[in-house]
Amino acid sequence: MRRKGVNYSKFGYIFTLPFVLAFLIFSLYPILYTAAIGFTDMQGLIPKPIHILDDPFKNFKDLLFDNVSFRKSLLNTGLLWIVNFVPQILLALLLTAWFTNKRLNIKGQGAFKVLLYMPNIITASTIAILFGTLFAYPMGPINSLIQLLGWSDAPINFLQDKTTARGIVAFIQFWMWYGNTMIILIAGVMGINPALFESAAIDGASGFQTFFRITLPSLRTILLFTLITSMIGGLTMFDIPQLFLLGGPDESTMTTSMFIYGQAFKGSYLYNRAAAASMIMFVIAGILSAVVFYLMRDRDAERLKKAEKKLRKSARSNKEGGMTHHG
Amino acid sequence: MDNSPKSGAVNLKISRTIIYIVCILLALLSILPFWIMFVNATRSTAEIQSGLSLLPSSHFMSNLQVLLEKSFDPIRGFLNSFIISGSATILTVYFSSLAAYGLVTYDWKLRKPFFTFILCVMLIPSQASAIGFYQFMYKLHWTNNFLPLILPAIAAPAVVFFMRQYLLATLSIEIVEAARVDGSGEFKTFNRIILPLMIPAVATQAIFAFVANWNNLFMPLILLTQKEKYTMPIMVSLLRGDIYKTEFGSIYMGLALTALPLFVVYFLLSRYIIAGVALGGVKE
């Protein structure tokens, strides 16, 4: 922006400088440092000068091929994420379909949204310990409830069984996030051009048809965005499984973040191994972000192209005598 | 599909009833765990062991007493969390707004690449750099210091992205030019004119930044080892330890105390929070 001989463009650099500096110091440098540590033999409490291993990829190879715990942690992370995300997105879609259906005209949506979103705002650490206490054995609120309802004679030791322990972690994650996903999807539906719904109604489309033919395809980008952000969130899952059962029983709820934390900060100080594991996680997250980036860039470019086309068209039609055409 | 309007109306009524029942059950599912938490905070351990109750009892004070006799210090945790979250939030919203303003208002060579860069780094998880970050802070003697938990908040890519979208939709360049004609410097224009215009976006992002910082466990757990530096989520993790093993009443009390401020904030600001969640997802 040049005006009256003053060049303001330098302010673009000045105003973004704090962001860039903070990013370089607190994100980029630590990431590169972590990557470097992944190639070294850095272990123990006292920091030593960096010494690259003779086989630089040894830590990575050990993790991927020999470390049972690490592979288990990747598997657990994936499993816990899928078991939480599939029901989460299905329930969120169902609620979205209900709440945005004009014929159903559901009342009290504001209150429902507030209540269904509520668990998301409460500290995950608090929720993890709360659920650990609720499922206490032999006498805890859930076991009391089960006996009250006559579902089981003997109390159930939820926290010692791998399946129930994993199930509870996935459930907590689901319970904390489906409200969030629902609100995002509803907002997405609100952003769809109402004319589409009107013409569908005129054509006599049923609720099902409208939802599957119009709503769902229009939500494509938002659904993919939700998917990727949820995947990265799931990949870094830490608070809930860490404080719920410390990864137990038998490492069945140990996630990759917990593995990293455990290797470096729980007495063994295996910084090199933890760093290599972080880098593997980073690469996975990087691939996922690349997908998101691709999606968003694609859309912006598309819009730009459309605008350009329109402009060219109107310029041409102006030249040719004002015939405009809307397609 | 429906042959008569009458059966259509009946169907509609049935669907509606089912939907309300499902929604009410889901709402109960959201409330019940916290309800039990608050109720059990007032019951003695013996009462809790003897069965479920949805009505409070009279052991509030004794639970609190047992809780505070041991290492759990909610006031300290609250203060530490408040200092960290408050400072981080201010830095996040101010510098993100500033960067977004620079991105929207000025025509500079690296503007496009910078935006691409923000999109690229938006989803990098902090866990991925934690080991290097810890080693770096250890060398600076910044472990057990709040600064490494506060200063990184200056670079919040997702917030810059959000602020940029907001400015693109609301800012008219005439305001900036009018300010220039009046002789206002660029920084002054931003601080005095633009920032006040951005209040709705700033408020939304401030709430989310505050809550995210408040609830963060991973980084503080790595960096803070001295008890007097513990944040609220680390304080909470103490309730899991052996010292409270059988004191269920005081465990619930501790959990309730840590959740209470969030409930208060949530019910005061829920309208804005829900609106903010919706905005954040649309990303238009």
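L246(A) has 17 C-beta neighbours inside 10 Å, so it counts as partly exposed. What I am showing is a predicted model. L246(A) has a positive phi, near 55°.

Where does L246(A) lie? It is in the loop between α11 and α12 of chain A. D250(A) also lies in the loop between α11 and α12. D250(A) is not a glycine, yet its phi is positive, about 55°. Is D250(A) buried or exposed? It has 11 C-beta neighbours inside 10 Å, so it counts as exposed.

That loop, which runs between α11 (239-245) and α12 (256-265), also holds P249(A). G248(A) and P249(A) are joined by a cis peptide bond, with omega about -10°. Most peptide bonds are trans. Another cis bond joins Y137(A) and P138(A), with omega about -5°. P138(A) sits in the loop between α5 (124-134) and α6 (141-148) of chain A.

Now chain A as a whole. There are 13 helices and 2 strands. Its radius of gyration is 26 Å, well over the 20 Å that the globule rule gives for 327 residues, so the chain is more spread out than a compact globule. Along the principal axes, its C-alpha atoms fill a box of roughly 80 × 65 × 35 Å. Of the 327 residues, 42% are buried. Take the contacts between residues at least 6 apart in sequence: 67% of them join residues at least 24 apart.

Next, the two chains together. How many residues of chain A are in contact with chain B? The count is 81, and they meet 78 residues of chain B. Helix α1 (residues 9-38) gives the most to this side of chain A, with 18 residues. By type, the side of chain A that touches chain B divides into 60 nonpolar, 18 polar and 3 charged residues.

Last, chain B. The domain assignment gives domain 1 (5-59) and domain 2 (73-238). Their centres, taken over C-alpha atoms, are 38 Å apart. An unreviewed UniProt entry lists "domain: ABC transmembrane type-1" at residues 78-269. That stretch is 73% helix and 0% strand, and its end C-alpha atoms are 20 Å apart. UniProt, again in an unreviewed entry, also places the feature "transmembrane region" at several spans of chain B, including 18-38 and 193-214. Residues 18-38 are 100% helix, with end C-alpha atoms 30 Å apart. Residues 193-214 are 95% helix, and their end C-alpha atoms are 30 Å apart.

Notes: Residues are numbered from 1 along each chain as its sequence is written. Chains are lettered from A and ligands numbered from 1 in the order in which they are written. This is a predicted model: local features need pLDDT of at least 70, side-chain atom pairs count only at pLDDT 80 or more; totals for chains, interfaces and linings use all residues. UniProt positions are given in the numbering used here, feature names are shortened, and annotations may be inferred rather than shown by experiment. Helices (H or I, at least four residues) and strands (E, at least two) are DSSP runs, numbered from the N terminus. The radius of gyration is taken over C-alpha atoms; the globule rule is 2.2 Å times the number of residues to the power 0.38. A residue is buried if 20 or more other C-beta atoms lie within 10 Å of its own, exposed if 12 or fewer, and partly exposed in between; C-beta atoms are placed from the backbone. Two residues are in contact if their C-beta atoms, placed from the backbone, lie within 7 Å. Domain bounds come from an automatic or database domain assignment. Ala, Val, Leu, Ile, Met, Phe, Trp, Tyr, Cys and Pro count as nonpolar, Asp, Glu, Lys and Arg as charged, and the others, Gly among them, as polar.
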